[in-house]
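Here's a quick briefing to read alongside the structure. Have the viewer open and follow along by topic.

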Amino acid sequence: MARAMRKHDSIIRGGRVIDPANGVDAILDIAIRGGRIAAIQPSIDAELADTTWDASGKIVTPGLVDLHIHGYHLVSPLSVPVDHYCLGRGVTTAVDAGSAGCGTFAGFRAFATDRVKTRLLAFLNISCSGLAFGGLGGDDSVPGELDLLKLASVRGCIDSVEQNRDVLVGVKIRLSASIADEGRNEAEAYRRSLEASQALRLPLMVHHALSTVSVADCPGRMQAGDIYTHAYHGFTSSIVDSVTRKPHRAVIEARKRGVLFDIGHGQGSFNWTVAEICAREGFWPDTISTDIHSGTCEGPAYDMPTVMTRLLHVGMPLTEVVARSTFEPAKAIGWDDRVGTLGIGREADIAVFSVEAVDMVLEDCQSQLRKISQRLVPQAVWRAGVAHPITQPKCFPNPETLQAQRGWWQQLQIRDELLSAEL
């Protein structure tokens with residue numbers, strides 16, 4: 001008697017599968033068995049699966065990889081519930097960007113990484129405290145993580161990373177005057193972060209906005225593989241020269257050296273004007289990320305699909321948007337052998353999206369508006385073969401956030417000439 005063919009746990013049927021790492025862009029079925037991808041074929045018999053999910057008319061991608069989030073929930077004030085804002089929007093791998101430092105990472109591992117269904121990795125903050133005290137800066141009653149230079153510990157950072165290389169993927173520093181003793185500690189803390197990352201041979205992720213460190217030094221001193229996040233902000237320290245309206249020469253040279261430029265949308269770091277200038281100059285981000293935190297999760301960032309939508313609007317092709325939200329960030333942290341693709345035998349981290357036609361306005365971080373015609377909307381997600389519920393923003397767009405964020409407009413160095421119209 002012929003041996004019965006083993007059944008799959010589930011089949012995702014008939015979607016447009018976009019897997020840039022493997023050069024795949026076709027209508028295919030995907031079979032999941034034992035938490036892993038068992039087959040990817042033009043047609044797989046539905047009778048060979050316990051359950052099926054019809055993806056007709058939708059795009060199917062590797063689970064998204066968000067390179068910049070804050071997920072030390074209830075410990076770092078900026079952090080958010082990871083599974084709700086990441087996994088629920090199609091992100092199966094998220095990387096916390098410095099919420100913990102060497103003095104607080106043990107707790108991050110125990111109470112964040114080990115307790116969420118999203119795969120949660122991290123960059124370790126060069127500051128021992130991480131973002132335990134706050135994070136946004138500008139409040140004199142809350143100390144910044146670099147207000148005391150002693151907190152920037154090279155030895156502590158190196159030791160912590162060496163003991164936790166399965167979770168820690170690099171070093172993080174925030175270069176902003178308001179969290180570094182009005183800028184007096186920025187240059188030395190930056191030097192220490194470069195020293196630590198180079199000793200570890202891991203990438204340094206740098207937040208560089210409203211900083212006393214020049215563009216000539218940052219990204220000018222960054223090395224190949226380092227990650228310059230918040231690349232499209234319009235404040236002082238923008239990568240765009242406010243006179244020429246083109247990326248600074250030091251920025252172009254840094255990219256030639258292999259420095260990576262990341263969106264890191266956040267609460268203040270995506271500016272339509274900068275994005276459009278960079279698109280015109282062909283200066284696309286290497287990676288797309290949200291910097292999702294308590295000040296961005298219900299606007300202006302909302303989630304990874306919304307940030308991806310913004311890149312679609314300024315002209316990045318869909319396949320490139322997917323690549324820079326999956327395989328490229330996985331490669332940036334050295335995890336491309338595990339996440340970011342749909343290879344046979346890989347863990348079944350899979351997301352499904354619709355590309356919906358819309359006629360609406362979408363804000364940037366200072367409530368400059370653009371009318372968009374299409375929007376990526378998450379429809380389904382599997383993490384290691386297990387389906388998880390999709391979540392939605394409370395209000396989209398959020399009028400409260402739109403009003404609050406307008407207050408930052410006057411501080412922009414790169415901006416639209418006039419405030420955009422009210423919704």
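Proline 219 turns up in the loop between strand S10 (204–208) and strand S11 (227–229). Its bond to cysteine 218 is a cis peptide, with omega at about 20°. Keep in mind that this is a predicted model. The chain holds 10 helices and 15 strands. Its radius of gyration is 21 Å, close to the 22 Å that the globule rule gives for 423 residues, so the chain is as compact as a globular protein of that length.

**Overall dimensions**

- Along its principal axes, the C-alpha trace spans about 80 × 50 × 40 Å.
- Of the 423 residues, 59% count as buried.
- For a sense of scale, take serine 43 and glycine 266: they are 223 residues apart along the chain, and their C-alpha atoms are separated by 41 Å.
- Serine 43 sits in the loop between strand S3 (36–41) and strand S4 (49–54), and it is exposed, with a relative accessible area of 56%.

**More on the backbone**

- Most residues other than glycine have a negative phi, and most peptide bonds are trans.
- Another cis peptide bond joins phenylalanine 396 and proline 397, this one with omega at about -10°.
- Proline 397 belongs to the loop between S15 and H10.
- Leucine 74 has a positive phi, near 70°, despite not being glycine.
- You'll find leucine 74 in the loop between strand S6 (64–69) and helix H1 (82–85). Leucine 74 is exposed, because its relative accessible area is 76% and anything over 50% qualifies.
- Arginine 245 also has a positive phi in a residue other than glycine, here near 55°.
- Look for arginine 245 in the loop between S11 and helix H5 (249–257). Its relative accessible area of 27% makes arginine 245 partly exposed.

**Aromatic pairs and charges over rings**

- How many aromatic pairs are there? The count comes to nine.
- One of them is phenylalanine 270 with tryptophan 272, an edge-to-face pair at 5.3 Å centre to centre and 80° between the planes.
- Are these two residues buried or exposed? Phenylalanine 270 is buried at 0% relative accessible area, and tryptophan 272 is buried with a value of 0% too.
- Tyrosine 302 and phenylalanine 396 make another pair: the ring centres are 4.8 Å apart and the planes sit at 75°, so this pair is edge-to-face. The angle cut-off behind that label is over 60 degrees.
- That pair links distant parts of the chain, with its partners 94 residues apart. Tyrosine 302 is in the loop between helix H6 (272–280) and helix H7 (304–313), while phenylalanine 396 is in the loop between strand S15 (386–388) and helix H10 (399–405).
- Tyrosine 302 counts as buried, at 0% relative accessibility.
- Tyr72, Phe105 and Phe108 form one aromatic cluster.
- Phenylalanine 270 has a charge over its ring as well: the charged end of arginine 310 sits there, 6.0 Å from the ring centre.
- The charged end of arginine 415 likewise sits over a ring, that of tryptophan 409, at 4.1 Å from the centre.

**Cavities**

- Rolling a probe the size of a water molecule over the atoms shows where empty space is left.
- The count comes to two cavities of 30 Å³ or more.
- The largest cavity has a volume of about 50 Å³. Its lining is made up of Pro62, Gly63, Thr92, Arg119, Arg338, Val339, Gly340, Thr341, Arg346, Glu347 and Asp349.
- Among the residues lining it are Arg89, Asp303, Thr306, Arg375 and Gln392.
- The largest share, four residues, comes from S14.
- By type, the lining of the second largest cavity divides into five nonpolar, three polar and three charged residues.

Note on methods: Residues numbered from 1 in each chain as written. Predicted model: local features only at pLDDT ≥ 70, side-chain atom pairs only at ≥ 80, totals over all residues. Heavy atoms only, no water. Phe/Tyr/Trp six-rings, centres within 6.5 Å; stacked < 30°, edge-to-face > 60°. Buried < 20%, exposed > 50% of the residue type's maximum accessible area, 1.4 Å probe, protein only. Helix = DSSP H or I, 4+ residues; strand = E, 2+ residues; numbered from the N terminus. Lys NZ or Arg CZ within 6 Å of the ring centre and 35° of its normal. 1 Å grid on protein atoms, 1.4 Å probe; cavity = no way out; pocket = protein on both sides within 12 Å on 5 of 7 lines; lining within 4 Å. Points joined across faces, edges and corners; volume = space filled by probe spheres on them. Nonpolar A, V, L, I, M, F, W, Y, C, P; charged D, E, K, R; others polar. Rg over C-alpha atoms; globule rule 2.2 N^0.38 Å.
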